[in-house]
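I opened my notebook to work through one protein chain, step by step.

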Amino acid sequence: FFPVDLLNLFQNNSEIYKTTDKIGPYLEIYGARTKVDEIKQICQDGGITSTCLYYLFKNKKVDYALGAKMGEKLWCPEPFLIENDKDVLKTSGTKYVNNPNLRLLNTNKLLKESKIAVVGVPCMMQALLKTKIFSNGFPSLRNIIYRIGIFCMESFPYEEGFLQICKKLDVVVEDVKKTDINKGKFFIFTKDGRELTIPIKEISNLAREDCEVCYDLTSESADISIGSIGAPSGWNFVVIRTEKGKKLYDALINDDLIESKSIEAIKPGLPLLKKIAGIK
């Protein structure tokens, strides 16, 4: 019952979109990385998602943002209401365990008049656009100003997923320093300097069942979509989908917060992103 065609038509200015059946409608695509030192030191790849939030709070474009920070359980994220640019640093980095960010829309302070940015994976961006089309009048939904989507192939439950991956790699969660998915492998970097890997195809059965029916790799329903697939190490691939997303990206450049390159200068670039999106 998911209105895919309607979602694609409903994005602003859809008549001027470049379209592709692999990554959804878009206006422009770039490669980028942050220039903000605080973010550069802790980000997963290019730090563009955090830099978007950093700019929005610094310039009072939003009052709140929905994101994810690590919870009390090691490597298990929890929804986090971001209220300033310092809070942004608490949410930096990729989390591969699923996290219900949108639950925060029930927070009392968001029900009042405010300006909200939401960072989320494709299914969350779809939910926001769907509620915009079929408005249910829920107060906080009217307050969402920016939809910042991140790429996602699949996510894992904590107990039955991530901890099982640790078990397969013979590492205890207390020793995990960083995780990554790249080149068809799941990486765990340990505090003592080890790099452990396992092919994604060997752990796909541990992912959430919901992810098996999701077609969207690149957050097609967002204003701006950000990920690492197709970009070189330390960079992000940025897909600008709406005029609002374009204005935000241009502001990052004008404020000298990011380094930006044309899609032609980014390798392996769009062909790899389309290939992976096609697989999903």
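Here are my entries, from the whole chain down to single residues.

**Ground rules.** I am looking at a predicted model, where local features need pLDDT of at least 70, side-chain atom pairs count only at pLDDT 80 or more, and totals for chains, interfaces and linings use all residues. I number residues from 1 along each chain as its sequence is written, and side-chain values use heavy atoms, with hydrogens and water left out.

**Whole chain.** I found 10 helices and 11 strands; these are DSSP runs, helices being H or I with at least four residues and strands E with at least two, numbered from the N terminus. The radius of gyration is 18 Å, close to the 19 Å that the globule rule gives for 280 residues, so the chain is as compact as a globular protein of that length. (That radius is taken over C-alpha atoms, and the rule is 2.2 Å times the number of residues to the power 0.38.) I also noted that 51% of the 280 residues count as buried, meaning under 20% relative accessible area, with exposed being over 50% and partly exposed in between (1.4 Å probe, protein chains only).

**Cores.** Next I looked up the nonpolar cores, sets of buried Ala, Val, Leu, Ile, Met, Phe, Trp, Tyr and Cys residues joined through side-chain atoms within 4.5 Å. The largest has 30 residues, and Leu53, Leu56, Ile148, Ile224 and Val238 touch the most other members. Which element gives the most to this core? It is α3, with 7 residues. Apart from this core lies another, of 21 residues, including Tyr96 and Leu206.

**Helix α9.** Gly245, Leu248, Tyr249, Ala251 and Leu252 are buried in α9. Seen down the axis, these buried residues fall within an arc of 155 degrees, so they line one face of the helix; the arc uses directions from the helix axis to the C-beta atoms. Exposed Lys247 and Asn254 sit on the face turned away from that side.

**A hairpin.** I ended at β7 and β8, a hairpin with 4 residues between the strands. They run antiparallel, joined by 5 bridges (strands pair if DSSP finds at least two bridges between them). Leu196 and Ile198 make up the covered face of β8, while Glu195, Thr197 and Pro199 make up the uncovered one.
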